[in-house]
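Please have the sequence and the fold open side by side while reading. The paragraphs below go from strand pairing to charged pairs and then to pockets.

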Amino acid sequence: MAGTGMVPADATPYTLRRATGTLAEAAAKLSGEIGAVTPATVLAHANRTGSRRGAAAALGAMQPRPAEWYAFDAKDQDTVDWYPQGLTCGEDSGSAGAPVLAVTWYFKPAPPVPERGVRLTFLSPQTLKYQHALLVEPRTDGSYAPINIHAGGVAWHGDLLYVADTTRGLRVFDMRHVLDLRSAQSDLGDPTQVGRRDGRFHAFGYRYVIPQCDFWRVAQPGPLFSFVSIDRGTSPHTLISGEYDENGPGGRVVRWDLGPDLGGTPRDAFVLGHPKIQGAVSSGGAWYLSQAADASTNGKLLVYRDGRLTTRSLPIGPEDLSVRGKQVWSVTEFRNKRIVFGVPL
């Protein structure tokens, strides 16, 4: 592609190797003990309700407004502990079983509050009901721990959820192993504890946990995994990951062919050519990049099609991207400006 952005680059630094270790075994053990449910079942028991076209402060000076947007509830708008980052959807999966949007949040506590890791939100675009689940790292002793990462991107393909681990690669979760603590015990345990203690399961008060089952590690240090997405228009489908670069245009984006084995070198790579890119997705031969600013300034959607760049306004604080229908979707991170929104491709 011509111009200052989307210039072909060397994909070799992004070569991945599988590092499953005991994760699959430990996740299967937890699933056998606790019992798994489907994302559709999670939504059927969702305990929070968002609002259609709420938190309008997130739009700032954006014109035209998004085709649609959903706001999280007042508690999730106001919290200073949790920040939305990654976004994917049931259409990315192809087998989700229900219309659903999924959002990762990372925990940013004020001391002395201990680390609580990453949570995943299942949101129904039909009912606006939603439910949080805790992503955890399982252990062979039957317990689990929170995962202390930024989780800047998430992508769902088939039964597998890929979560960006900034300096290490891609953590993998099996969406057939969404575990319901209520199926294993009468209550949700101690809201200040996590893991298995005295024969009971705890997850900081969350009803659902999703244990990590696999890990794709970058083969050499240096590349960053800041965001993730899926392109189902390629054959085979491709997994996309890229780098956030604060000050310069040097961030890269890469694509891997999705199949039984994700490992090896990506099919292609590009230099993004722009700073502060928070998400990228390819669709229909075009590239879509979300560019952030600050907590009071609108972001931008950069579109590269046939080597030409066009720019559109986005809400304040846009993050990871996902294609849903004929729209590109994102989530915003700033307090009291937290929405999931879609704009035309």
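**Strands, salt bridges and pockets**

Strands β20 (residues 238–242) and β21 (residues 252–257) run antiparallel and are joined by five bridges, where strands (E, at least two residues) and helices (H or I, at least four residues) are DSSP runs numbered from the N terminus, and two strands count as paired if DSSP finds at least two bridges between them. This is a predicted model, in which local features need pLDDT of at least 70 and side-chain atom pairs count only at pLDDT 80 or more, while totals for chains, interfaces and linings use all residues. Residues are numbered from 1 along each chain as its sequence is written, and side-chain values use heavy atoms, with hydrogens and water left out.

Within the pairing of these strands, L239 stands opposite W256 in β21. Strand β21 also pairs with β22 (residues 268–271), in the antiparallel sense and over four bridges, and here R255 has D268 of β22 as its bridge partner. The side chains of R255 and D268 meet as well, in a salt bridge with 2.6 Å from N to O; the term requires a side-chain nitrogen of Lys or Arg within 4 Å of a carboxyl oxygen of Asp or Glu. Because R255 lies in strand β21 and D268 in strand β22, the pair ties together parts that are 13 residues apart in sequence. Both R255 and D268 are buried, a class that means under 20% relative accessible area, with exposed meaning over 50% and partly exposed in between (1.4 Å probe, protein chains only).

By this rule the count comes to 20 salt bridges. One of them joins K276 and E246 at 3.8 Å, N to O; K276 lies in the loop between β22 and β23 and E246 in the loop between β20 and β21, so this pair ties together parts 30 residues apart in sequence. K276 counts as partly exposed at 25% relative accessibility, and E246 counts as partly exposed at 39%. Another salt bridge links D159 with R176, whose closest N and O atoms are 3.5 Å apart. D159 is partly exposed, with a relative accessible area of 31%, whereas R176 is exposed, at 51%.

Strand β23 pairs with β24 (residues 286–291) over six bridges, and G279 stands opposite S290 in β24.

A pocket is an open set of points on a 1 Å grid over the protein atoms alone, where a 1.4 Å probe fits, with protein on both sides within 12 Å along at least five of seven lines, and lining residues have an atom within 4 Å of a point. The volume of the largest pocket is about 370 Å³, taken as the space filled by probe spheres set on the points, which are joined across faces, edges and corners. Both α3 (74–78) and β10 (129–138) supply at least two residues of this lining.
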